[in-house]
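This report describes selected features of a single protein chain. Please consult the sequence and the structure shown here while reading.

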Amino acid sequence: MQSERRLQALRGMRDILPDEIPRWQRVEATLAEWMQRYGYREIRTPIVESAELFYRGVGQETDAIGKEMYVFPDRSGELIALRPELTAPVARAVGQHELALASPLLRLWYYGPCFRYERPQKGRQRQFHQAGAECLGVALPDADVEIISLAWDILTSLLDHPAVSLHINTLGTVAEQNNYRTRLVEYLERYRDSLSTTSQQRLDTNPLRILDSKDTRDREIIEAAPRISDVLGTESRSHFDAVLELLDMLDIPTITDPYLVRGLDYYTHTVFEFRSNRLGAQDALGGGGRYDNLMAQVGGRPLPGVGFGLGIERIILAMEDRAASDSHWEPIVYVAAQQEFSAAMHQVTRSLRKEGIRCITDLQFRSLKAQLRQADRLRCALCLIIGWSAPVDSVIIKDMRNGEQLQLPNDPNAISATIRQLLAQ
Ligand code: AMP
């Protein structure tokens, strides 16, 4: 009989295996800690949304929506999408629940999976995770600074300073952006035939994106292109200057990049991106910017906003390998028992766990040698032995860190007191 084909996760979608989980949990704990320190409250929105939310909020011409979004009709024929990002869903939720009515300044953060149908490569998957924060209700540069500083504090707690850099630009108001787009298109049309194929297409759909093309032919043409700074009015200019000055005052180093435009359509004024030199071609750890028109586009009352999104897989790739070294022992008790003592094993492990002590058992009642070997493999600091050579009504505690053993009466109170004492050493 032919065996069934072994099933695999979908292309571009990864399992996060138990060995990787401690690192994920470290990132998650750091995120939650910093978000709290800055006074941001977590919001959780559905993974699936109406496709229209992203068409209206983010824009059909962006790669994330036009080319990469997972869109399909559900059983009723409604066009739904797996969220490619979380700013539009958060803006939708704020409008839907009128969250801004109760408090005109909203500080929100999120964490969860996003989906983009991209060609998978290192640091690029079809399901990936983003964490981010949105500060809604304030149009002043102070909100941009708070958001950037929050992202910087998170990233530099997880990665060393030289491994993270902050690139920043301004896109001005919608009117200034439109004006600039016209000038840019006028200029680029003169070189249309020399541009890369992708840039030629973008010239018709999303010309600002040509500015961040990596193609060398494109770069030469772009170097001489008009810059957004040529069209900025005094207000936009002073907004950007204030952001740069405050960041400098906070010792957050910035690299001003006139070609930084970001992939999504909703940005106005400040845009920024964090990059790492520890990543290859996909070097963006995250980014964000100001989006003063998004709320109105997704049907809520107009509300200025600024936010960032960080790619968790990229952060984890860029983190130094800090795998537990061999000398590391876990504060876990391995309870080794002979089968005839199974009742005692269940009793003692349950009472230890209720006291907050982590313990694990063999559940197969293998030989003492096999169980001790397993305790060592799992780096359990202590092993509680029930049965074998221990006299009736007593147990043995073996300290796996130094091999010392001691005998105790089989009494839950005595056992937990001794274990606590040993674990505290
Ligand atoms: P974006 O919303 O495109 O600015 O993405 C924000 C961040 O999410 C990026 O800087 C990446 O770190 C991460 N990211 C975006 N797309 C992917 C992907 N396909 N796979 C892994 N991470 C991604």
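## Surroundings of D399

Leaving aside residues up to four places away in sequence, D399 touches A381, L382, E404 and L422, where contact means heavy atoms within 4.5 Å. The side chain of D399 also makes a polar contact, at 2.9 Å, with the side chain of R401. A polar contact is a pair of N or O atoms within 3.5 Å; within protein, one must be able to donate a hydrogen and the other to accept it, and residues adjacent in sequence count only if both atoms are side-chain atoms.

D399 belongs to strand β15, residues 394-399; strands are DSSP runs of E, at least two residues, numbered from the N terminus. D399 counts as buried because its relative accessibility is 4%; buried means under 20% relative accessible area (1.4 Å probe, protein chains only).

## Basis of the model

The model is predicted: local features need pLDDT of at least 70, side-chain atom pairs count only at pLDDT 80 or more, and totals for chains, interfaces and linings use all residues. Residues are numbered from 1 along each chain as its sequence is written, and side-chain values use heavy atoms, with hydrogens and water left out.

## Cysteines

The structure holds zero disulfides, a disulfide being a pair of cysteine sulfur atoms within 2.5 Å. C359 is in no disulfide, and the nearest cysteine sulfur, in C380, is 9.7 Å away. C359 is buried, at 7% relative accessible area.

For C383, the closest cysteine sulfur is that of C380, and the separation of 7.6 Å is too far for a bond. C383 is buried, with a relative accessible area of 1%.

Key
Helices (H or I, at least four residues) and strands (E, at least two) are DSSP runs, numbered from the N terminus. Buried means under 20% relative accessible area, exposed over 50%, partly exposed in between (1.4 Å probe, protein chains only).
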